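Here are a few exercises to work through with the model open beside you. Take them in order, and try each one before you read its solution.

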Amino acid sequence: MSLRLTPAATLCALSALTLGYSASALAETTLSALFMTQAAYSEADIRAMTADFTKQHPDIKVNLEFVPYEALHDKIVAARGAGDKGYDVVLFDAIWPAEFNKYGLLQDVTARIPADESSKIFDGAISTVTYKDKRWGMPWILDTKYLYYNKAMLAKAGITTPPATWADVEKQSEILKEKGIVKFPLVWSWSQSEALLCDYTTLVSAFKGDFYKDGKLNFTNTGAMKAINYMKETLDKGLTNPNSREYLEEDVRKSFSNGDAAFALNWTYMYNMANDPKQSKVAGNVGVIPAPGETAGGASGVNGSMGLGIAKASAHPDQAWEFISYMTSQPVQDKYAKLSLPIWKSSYDDPAVQKDQEALIAAAKVSLNVMLSRPVTADYSRLSNILQQNIQAVLQGKTPAKDGMEAATTAADRLR
């Protein structure tokens with residue numbers, strides 16, 4: 001039996017077919033993206049950015065996963081075995097491109113970044129995603145550690161100007177302690193973690209040290225030894241909170257925000273959080289300056305920047321790059337500049353970005369130009385563990401500084 005359709009039925013059938021093709025054409029691509037919950041942008045900020053992106057790209061869905069920084073590296077490495085079922089977009093630290101390049105974990109995106117765009121971005125940000133003259137992602141978090149101070153505490157102690165050198169930090173801390181204003185004036189993130197190395201690198205930078213001698217890793221040069229000796233001395237004098245040896249950055253923020261420290265070394269994000277009366281007892285009394293140098297007028301810093309890259313096995317590199325391009329774009333970064341400052345140079349002269357954080361912007365204009373990178377090596381994870389263990393041994397009083405850093409140098413040499 002044959003079936004004849006009326007003109008109206010035929011039109012309905014064609015419309016349904018057309019809708020079917022349209023739905024197919026707009027088939028949703030699902031991206032899996034890995035981020036961290038710690039410093040810089042909050043989870044709420046990242047979710048809001050992503051929601052705005054998906055509104056503009058209804059054909060792309062983004063599944064977000066958040067882990068602590070300490071789990072980020074291993075998550076990326078472990079996902080290698082998942083192939084295209086793993087992540088499409090990953091957040092990576094400035095110290096990982098050498099290792100990730102060695103094991104083929106990221107896609108080369110050099111051709112995706114216009115040359116004129118790179119010139120608009122801070123050099124320290126670009127270096128974060130660069131290895132062997134190729135770009136392995138787009139810089140997203142441009143960060144270094146700043147010295148925060150409690151204005152009210154300094155004023156109560158009769159200190160009229162913030163410290164200009166690390167010697168000043170120590171001297172002012174002694175005054176604060178002697179006058180009973182605060183038991184432990186200094187707080188740091190010295191747990192056996194990457195946070196410890198970021199503080200250590202800041203001080204190595206301050207004392208004009210580095211991590212190499214005759215082309216080999218070495219942690220016993222004058223500047224590096226001054227750094228570790230400074231750390232230990234402030235503990236021995238009772239100036240540094242001994243719990244710093246167990247603290248991460250969030251512990252530092254909470255301690256400072258609770259009024260338990262006069263000085264703290266921490267990332268950008270702490271400025272606005274410590275100034276928020278809903279979560280800080282010291283709001284309105286937060287000062288920030290570049291981490292000082294060994295001499296007045298100097299400054300120090302660690303490159304704590306991070307980038308967004310396309311996982312090597314991603315089956316959706318074009319859509320992943322659309323997402324990365326959006327997240328790193330100047331308008332988006334300017335909008336969310338309260339917890340992480342933009343990678344774009346011109347943003348720092350934008351009144352909207354500067355608003356209510358003028359002191360932070362002023363510090364950033366200095367600090368972002370003096371950042372020292374942690375050692376660049378494809379074996380960075382193992383090197384980091386070596387340094388963490390040996391520096392912790394010194395800070396715990398288990399070994400003299402010279403012996404600890406010589407042991408770190410010897411162990412690092414075996415990695416080659």
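Before starting, one rule: two strands count as paired if DSSP finds at least two bridges between them. Keep in mind that this is a predicted model.

**Exercise 1.** Work out which strands stand at the edges of the open sheet.

*Solution.* Start with the order: 5 strands run β2-β1-β3-β13-β6, with mixed pairing. Now look at the ends of that list. β2 (60-67) and β6 (138-141) each have a single partner strand, so one side of each lacks a neighbour in the sheet. As you go across, neighbouring strands are turned by 30 degrees against each other on average, ignoring direction.

**Exercise 2.** Find the sense in which β1 and β3 pair.

*Solution.* Line up β1 (residues 29-36) with β3 (residues 89-93): they pair in the parallel sense, over 2 bridges. For a landmark, find L34, which stands opposite V90 in β3. Then bring in helix α2 (residues 43-56), which packs on this sheet and touches β1, β2 and β6. The direction of α2 makes about 170 degrees with that of β2.

**Exercise 3.** Decide how the buried residues of α2 are arranged around its axis.

*Solution.* First list them: D45, I46, M49, T50 and F53 are buried, meaning under 20% relative accessible area. Next, recall that an α-helix has 3.6 residues a turn, so residues three or four places apart point the same way. Looking down the axis of α2, the buried residues fall within an arc of 130 degrees, so they line one face. On the other side, A44 and K55 are exposed. Finally, check the cover over the buried residues: it includes β1, β2, β6, α13 (317-327) and α14 (330-335).

How values were computed: Residues numbered from 1 in each chain as written. Predicted model: local features only at pLDDT ≥ 70, side-chain atom pairs only at ≥ 80, totals over all residues. Heavy atoms only, no water. Helix = DSSP H or I, 4+ residues; strand = E, 2+ residues; numbered from the N terminus. Axes fitted to C-alpha atoms, helices over the stretch in contact; angles between N-to-C directions. Contact = heavy atoms within 4.5 Å. Buried < 20%, exposed > 50% of the residue type's maximum accessible area, 1.4 Å probe, protein only. Arc of directions from axis to C-beta.
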